[in-house]
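Please have the sequence and the structure open while reading.

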Amino acid sequence: MEEAKRVLDNRDPRKPFFLYFAHQQIHDPLDLPPQQKYQDACSHIDQRGPAGQDRFTLCAMASRLDDAVGELVSYLEAKDLWNN
């Protein structure tokens, strides 16, 4: 996210731009985000069974990705670039 902000802040506003935002949040190996809020958001996931923990971890990772995309959208809106 910080690199995307840096690119947007340092671009020439007179020129069009393209930003490819390839977030690395959901990938192997599955790694549970350490922030408790993402685990709390997925508390409804049944962690029992062979895939239960993986489903819980994927849910938390997707929740973190959703926050990151929301942060980017808010940043673009604040810079008046969202409707560009």
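Does Asp80 count as buried or exposed? At 68% relative accessibility, Asp80 counts as exposed; the cut-offs are under 20% relative accessible area for buried, over 50% for exposed, and partly exposed in between, with a 1.4 Å probe and protein chains only.

The model is predicted, so local features need pLDDT of at least 70 and side-chain atom pairs count only at pLDDT 80 or more, while totals for chains, interfaces and linings use all residues. Residues are numbered from 1 along each chain as its sequence is written, and side-chain values use heavy atoms, with hydrogens and water left out.

**Helix packing**

Two packed helices are described by the angle between their axes and the distance between the axes. Helix α1 spans residues 2-10 and helix α3 residues 52-78; they pack at an angle of about 15°, with axes 11 Å apart. Helices here are DSSP runs (H or I, at least four residues), and strands (E) need at least two, with numbering from the N terminus. Axes are lines fitted to C-alpha atoms, for helices over the stretch in contact, and angles run from 0 to 180 degrees between N-to-C directions.

The helices α1 and α3 are therefore roughly parallel to each other; angles under 35 degrees count as roughly parallel, over 145 as roughly antiparallel, 65 to 115 as roughly perpendicular and the rest as oblique. Their crossing is right-handed, meaning that the near helix is turned clockwise from the far one by less than a right angle. On the α1 side the contact is made by Lys5, Leu8 and Asp9, and on the α3 side by Glu71, Tyr75 and Leu76. Contact means heavy atoms within 4.5 Å.

**Salt bridges**

Side chains of opposite charge can pair when their charged atoms come close. A salt bridge is counted when a side-chain nitrogen of Lys or Arg is within 4 Å of a carboxyl oxygen of Asp or Glu. By this rule there are seven salt bridges, including those in the table.

| Pair | N to O distance |
|---|---|
| Glu3 and Arg6 | 2.6 Å |
| Lys5 and Glu71 | 3.3 Å |
| Asp12 and Arg14 | 3.0 Å |

Salt bridges that share partners join Glu2, Lys5 and Glu71 into one network.

Glu3 and Arg6 are three residues apart in helix α1, so about one helical turn separates them. Glu3 is partly exposed at 47% relative accessible area, and Arg6 is partly exposed at 42%.

The pair of Lys5 in helix α1 and Glu71 in helix α3 ties together parts that are 66 residues apart in sequence. Lys5 is buried, with a relative accessible area of 19%, whereas Glu71 is partly exposed at 31%.

**Single residues**

Thr57 sits in helix α3 and is buried, at 7% relative accessibility. Apart from neighbours within four places in sequence, Thr57 is in contact with Leu30, Asp31 and Leu32.

Asp28 and Pro29 are joined by a cis peptide bond, with omega about -5°. Pro29 is in the loop between α1 and α2 (36-41).

Asp80 belongs to the segment after α3. Its phi is near 60°, a positive value in a residue other than glycine.
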